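Please look over the protein model shown here. A short report on its layout follows.

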Amino acid sequence: MGGPLEGLLIADFSRVLAGPYATMLLADMGARVVKVEGPAGDETRTWMPPVRDDVSTYYLGVNRGKRSIALDLRTEQDAALGRELARRADVVIENFKPGGLAKYGLDHASVSALNPRVIYASITGFGSGEGKHVPGYDLMVQAISGLMSLTGDPEGPPYRAGISVFDVMAGNHAVIGILAALRHRDATGQGQLVEVNLLSSALTGLVNHSSAYTAGGTVPFRMGNAHPSVFPYEPLPTADNDLIVAAANDGQFRKLCEVLGLSEVPDDPRFARNADRTRNREELRPLLEERLRTRGADEWFDLLVAAGVPCGPINTIDGGFAMAERFGLDPVVVVGDVPTTRHPIRFSETPAVYELPPPSLDEHGEELRAWLKEDRDGL
């Protein structure tokens with residue numbers, strides 16, 4: 001059985017991360033994705049090290065499930081093939097600068113004139129208005145949005161997040177928008193333009209910090225690993241390694257104290273409610289640390305989780321995958337001969353499919369050119 005999006009054709013004119021991540025998720029769900037690349041290929045093919053068999057693992061991580069065709073849109077012959085692909089597609093997705101595809105007849109107005117049912121998804125850095133001339137890279141958006149001001153030691157410089165967090169978030173938002181637009185098309189027969197930009201994804205993704213500003217008039221700043229509104233909700237030292245402790249409500253805090261042998265602490269007026277604990281965190285932290293230092297992080301993890309207290313060791317990536325294996329999440333799937341991370345959503349009736357490994361440049365070009373030049377169904 002195919003995935004829940006079986007039968008949909010996605011024309012993917014995107015590259016790097018946000019767009020390719022979105023189309024990989026759609027491919028996992030059964031959509032047929034044609035990845036259109038320039039003659040030099042997606043930039044991430046050259047982003048190395050690390051590599052697997054001389055191929056960038058960055059590229060491998062977001063491009064499974066797709067067929068690749070290399071088109072030089074600067075030539076009319078290849079631009080015509082691109083337009084024909086867009087004419088047949090259910091979804092077109094691109095992340096060029098706004099207006100960048102118009103000269104090839106591949107902008108929304110041109111494509112929708114030929115294909116009124118098309119869902120045309122555009123991912124930009126800063127929208128199609130006044131910010132359309134600004135290149136959109138995740139690191140820029142982490143800086144401009146304010147995220148970097150929230151990340152790092154209070155006495156140190158701002159830091160970026162360890163991944164391109166807003167590219168990934170914008171990719172997810174693009175998938176949500178595409179699926180919603182497909183639902184509308186099912187009901188009305190109408191296609192539409194879906195626009196996503198990294199800065200808007202960032203501002204909504206800052207959630208409580210954005211609300212602190214918009215609703216509370218407060219500009220938050222970095223607090224290291226501490227949380228501005230909850231305590232304990234940060235790493236605490238044990239006998240060997242730090243342990244994340246996230247006792248975010250009164251019940252969890254009481255359970256934490258019971259396991260630590262501090263059963264009287266939740267009845268102390270200084271620590272009875274979250275607002276009290278947050279206000280008096282410098283008095284409470286030493287009490288917790290003294291007990292936590294009597295055992296190692298892994299031992300505390302087992303004891304506290306068994307009692308219903310959210311906590312976790314601070315792993316490296318290999319430890320994260322090992323934990324997922326321990327929990328039966330089967331985090332790795334092998335597609336072709338490429339190990340890759342499993343699709344994050346599980347469907348009871350239409351499970352994700354892993355049909356194709358990440359393609360080499362123009363791997364399916366001959367097949368796709370023949371299909372685009374002929375009036376026939378199927379790839």
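## Terms and ground rules

A polar contact is a pair of N or O atoms within 3.5 Å; within protein, one must be able to donate a hydrogen and the other to accept it, and residues adjacent in sequence count only if both atoms are side-chain atoms. The side chain of D42 makes such an approach to the backbone nitrogen of T44, at 2.9 Å.

This is a predicted model, in which local features need pLDDT of at least 70, side-chain atom pairs count only at pLDDT 80 or more, and totals for chains, interfaces and linings use all residues. Numbering starts from 1 along each chain as its sequence is written, and side-chain values use heavy atoms, with hydrogens and water left out.

## Overall layout

The protein has 14 helices and 13 strands. Helices (H or I, at least four residues) and strands (E, at least two) are DSSP runs, numbered from the N terminus. The C-alpha trace spans about 80 × 45 × 45 Å along its principal axes.

Of the 379 residues, 46% are buried. Buried means under 20% relative accessible area, exposed over 50%, and partly exposed in between (1.4 Å probe, protein chains only). Among contacts with a separation of 6 or more, 66% join residues 24 or more positions apart. Contact here means heavy atoms within 4.5 Å.

## D42 and the β2–β3 loop

D42 sits in the loop between β2 (32–37) and β3 (51–52). It counts as buried because its relative accessibility is 2%. Leaving out residues up to four places away in sequence, D42 touches S14, R15, V16, P20, K35 and E37.

A cis peptide bond joins M48 and P49, with omega about 0°. The bond from P49 to P50 is also cis, with omega near 0°. Most residues other than glycine have a negative phi, and most peptide bonds are trans.

## Two aspartates with positive phi

D54 is not a glycine, yet its phi is positive, near 65°. D54 is in the loop between β3 and β4 (55–56). It counts as exposed because its relative accessible area is 67%.

D362 also has a positive phi, about 65°, without being a glycine. Its place is the loop between β13 and α14 (365–373). At 27% relative accessibility, D362 counts as partly exposed.

## The largest nonpolar core

Which residues touch the most other members of the largest nonpolar core? They are I10, L26, I93, I123 and I178, out of 38 residues. The elements that give two or more residues to this core are α1, β6 (91–94), β7 (119–124), α6 (165–188), β8 (192–197) and α7 (198–205). A nonpolar core is a set of buried Ala, Val, Leu, Ile, Met, Phe, Trp, Tyr and Cys residues joined through side-chain atoms within 4.5 Å.

L26 has its own set of partners. Setting aside neighbours within four places in sequence, L26 is in contact with L5, I10, A31, V175, I178 and L179.

## The largest pocket

The largest pocket has a volume of about 920 Å³. On a 1 Å grid over the protein atoms alone, a pocket is an open set of points where a 1.4 Å probe fits, with protein on both sides within 12 Å along at least five of seven lines; lining residues have an atom within 4 Å of a point. Grid points are joined across faces, edges and corners, and a volume is the space filled by probe spheres set on the points.

The lining comprises 31 residues, with T57, G61, V62, F321 and T341 nearest the pocket centre. Each of α1 (18–28), α2 (57–60), α13 (317–326) and β13 (338–341) supplies at least two lining residues. The lining divides into 19 nonpolar, nine polar and three charged residues. Ala, Val, Leu, Ile, Met, Phe, Trp, Tyr, Cys and Pro count as nonpolar, Asp, Glu, Lys and Arg as charged, and the others, Gly among them, as polar.

V55 is in strand β4. At 31% relative accessible area, V55 is partly exposed. Beyond residues up to four places away, V55 touches M48, P50 and L60. The C-alpha atoms of V55 and K97 are 27 Å apart, across 42 residues of chain.

P135 is in the loop between β7 and α5 (138–145). P135 is partly exposed, at 36% relative accessibility. Apart from neighbours within four places in sequence, P135 is in contact with K97, F126 and M140. The C-alpha atoms of P135 and G125, ten residues apart along the chain, are separated by 6.3 Å.
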